[in-house]
Amino acid sequence: MAEPVVDAQYLKEIEKARRDLRALISDRNCAPIMLRLAWHDAGTYNAETKTGGATGSIRNEHELSHGANSGLKIAVNFCEEVKAKHPRITYADLYQLAGVVAVEVTGGPTIEFVPGRKDSLESPEEGRLPDAKKGAPHLKDIFYRMGLSDKDIVALSGAHTLGRAHPERSGFDGPWTKEPLKFDNSYFVELLKGESEGLLKLPTDKALLDDPAFRPYVELYAKDEDAFFTDYAASQKKLSELGFTPPSSSVKEAEKTSVVVAQSAVGVAVAAAVVILGYLYEVHKRVK
Amino acid sequence: MASLRSAKARQLYLQEIEKARQDLRALIYSKNCAPIMLRLAWHDAGTYDAKTKTGGPNGSIRNEEELKHSANNGLKIAVDLCEEVKAKHPKITYADLYQLAGVVAVEVTGGPPIDFISGRKDSKQSPPEGRLPDAKLGASHLRDTFYRMGLDDQDIVALSGGHTLGRAHQERSGFDGPWTKEPAKFDNSYFVELLKGKSQGLLKLPTDKALVEDPEFHHYVELYANDKDAFFRDYAVSHKKLSELGFSPPSSGQKVGLALSIAAILVLAFVWDQLTDISPDPYLLWKQYNN
């Protein structure tokens, strides 16, 4: 499939889709599953073979039936409502935008979104997403394969601040935090507390405490929500751009440059005017 | 140095506002209370009298006395919800908080982004009852009420589009039900429904109907029913105006730009002065020219 042309029209459609996603996510209360959709589309990336990643392939029946994607058809269907109103936007962009909006609308950090991903109908093989029953070495295998780091692993795990697990989907049950519709650092606070009444801790969550590479980040994010938000925003942006090279000559860049040029021109004109006036004043003074 | 300190204080305040914005998004999302938060912002601001410069967005709505006005029935819920955010960000004024809540309510339900400038002061003085519009009246009442605030016909129609969200409650206003089929979604369907006339199960207040019957208002209703972008654009402008009634936003960005320009000019003048020691004397040049 061809890359979308990210012109001014495309950017306008993205902004309208962003607003429609906000309305949809607020109205249906589906922020957690939309975030999971974005993550599961992007998280299949293999940095060596350059396959998988944020390509919209998750909408294939074939990929939706992977065990890891249990329940995600719901999110794909929600997104169809927005795609119908904005057909030009690629599914790849739409799903990542949904993830960005899900975090924003629940009180999380603003994540920078660069559009231009192209769609693919080629689904990667099953098994690229993490298995919740495993541990730290498995997490490292999976995320390093994507091209992400230890910090990314811990920061992104913080997204469990939203939502819950469902027995009929993953076999696990319940939310990780007391306010599963609120994006904050309470996932890490609960993790450090150990056993919490009625709250879920997957084996992969507990692995973050046991591994010395991960633990310092857990402690940092539990103490400092701002640090978590900053790192989370950077990690989600990285994840959402796996396999995607943002177009360099985008309209936004051109807009920024022209603003700078215009401002500089005004500055130069003002300075020149003042210098000329000063010169004339000097002359005038001496003539007198 | 005092100005440096106050610039730093302003920076910190702006940071608190951004955090409060995030907390308001989370609150409004999890409690599903966008409509009542928008109404809170509107009812705090809508008491403004442009002539006497009283009322307006000053947080006074949280006074027991003002909450008891019949127009404000049910708003204590919104005031209490905002307390949760105020508790985490005590430096923010209630006036700013309530207007920020209104802005977030529109954004989170799919509406246009509304420019928000902070710096409103709180007041404990509540205006007299009767300044907000009476839903049972008509076009001339709407004009009396909104012109008194300093708003115009376009504002009246655009802002009425706020009824795209929420519903009326029997025990609050005596009216019942939502205006649109998707009351949790901010769009132009309020105007589409208005032009349809009677709609199954949807509310039309006498003041809503007045927008269709009055020829000036009608023109805007048609525009907004047919052009969602035009509605969003005009709504954002009118909402911002309403949220700033009686408030002069500090134009910080411009001040910094101006200061930098003046500094640059002074530096250039100094440099020029130094250079004229080496370069031709303007007076001599002038003499030469005149001879």
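What follows is a chat about a predicted model and some of its local features.

Visitor: Let's start with chain B. How many helices and strands does the secondary structure come to?
Guide: Chain B comes to 13 helices and two strands.

Visitor: What share of chain B is buried?
Guide: Buried residues are 48% of the 291 in chain B.

Visitor: Which residues make the nonpolar surface patch on chain B?
Guide: Val267(B), Phe270(B), Val271(B), Trp272(B) and Leu275(B) make a patch of about 460 Å². Trp272(B) sits in helix α12, residues 252-275 of chain B.

Visitor: Is Trp272(B) buried or partly exposed?
Guide: Partly exposed, because its relative accessibility is 31% and the buried class stops at under 20%.

Visitor: Now for Glu193(B). Where is Glu193(B), buried or exposed?
Guide: Glu193(B) is in helix α8 of chain B, residues 189-196. It counts as buried, since its relative accessibility is 5%.

Visitor: What does Glu193(B) touch?
Guide: Leaving aside residues up to four places away in sequence, Glu193(B) touches Trp179(B), Lys181(B), Ser199(B), Leu202(B) and Lys204(B).

Visitor: Over to chain A. Why is helix α6 of chain A largely enclosed by the rest of the structure?
Guide: Because eight of the eleven residues in that helix, residues 136-146, are buried. The buried ones are Ala136(A), His138(A), Leu139(A), Lys140(A), Ile142(A), Phe143(A), Arg145(A) and Met146(A).

Visitor: What do those buried residues of α6(A) pack against?
Guide: Four helices of chain A: α2 (31-42), α7 (150-157), α9 (203-210) and α11 (225-240).

Visitor: What happens just after α6(A)?
Guide: Gly147(A) comes there, with a positive phi of about 100°.

Visitor: Which residues have a positive phi although not a glycine?
Guide: Asn29(A) is one of them, at about 55°, and Asn32(B) is another, at about 60°. Asn29(A) lies in the loop between α1 (8-28) and α2 of chain A. Asn32(B) lies in the loop between α1 (2-31) and α2 (34-45) of chain B.

Visitor: How about the relative accessible area of Asn29(A)?
Guide: Asn29(A) has 34%, so it is partly exposed.

Visitor: Okay, the largest nonpolar core. Which residues touch the most other members?
Guide: The core has 137 residues, and those touching the most other members are Leu21(A), Ile25(A), Met34(A), Leu208(A), Tyr232(A), Met37(B) and Leu211(B).

Visitor: What does Ile25(A) touch?
Guide: Not counting residues up to four places away in sequence, Ile25(A) touches Cys30(A), Ala31(A), Met34(A), Ala98(A), Val101(A), Ala102(A), Val105(A) and Tyr29(B).

Visitor: Last one: where does Gly130(B) lie?
Guide: Gly130(B) is in the loop between α5 (94-108) and α6 (139-149) of chain B. With a relative accessible area of 62%, Gly130(B) is exposed. The C-alpha atoms of Gly130(B) and Leu100(B) are separated by 25 Å, and the two are 30 residues apart along the chain.

Terms used. Residues are numbered from 1 along each chain as its sequence is written. Chains are lettered from A and ligands numbered from 1 in the order in which they are written. This is a predicted model: local features need pLDDT of at least 70, side-chain atom pairs count only at pLDDT 80 or more; totals for chains, interfaces and linings use all residues. Side-chain values use heavy atoms; hydrogens and water are left out. Buried means under 20% relative accessible area, exposed over 50%, partly exposed in between (1.4 Å probe, protein chains only). Contact means heavy atoms within 4.5 Å. Patches are made of residues with over 30% relative accessible area and no salt bridge: like charges are joined within 9 Å, nonpolar side chains (Val, Leu, Ile, Met, Phe, Trp, Tyr) within 5 Å. Accessible areas come from the Shrake-Rupley method with a 1.4 Å probe; for residues, only the protein chains shown count as cover. A salt bridge is a side-chain nitrogen of Lys or Arg within 4 Å of a carboxyl oxygen of Asp or Glu. A nonpolar core is a set of buried Ala, Val, Leu, Ile, Met, Phe, Trp, Tyr and Cys residues joined through side-chain atoms within 4.5 Å.
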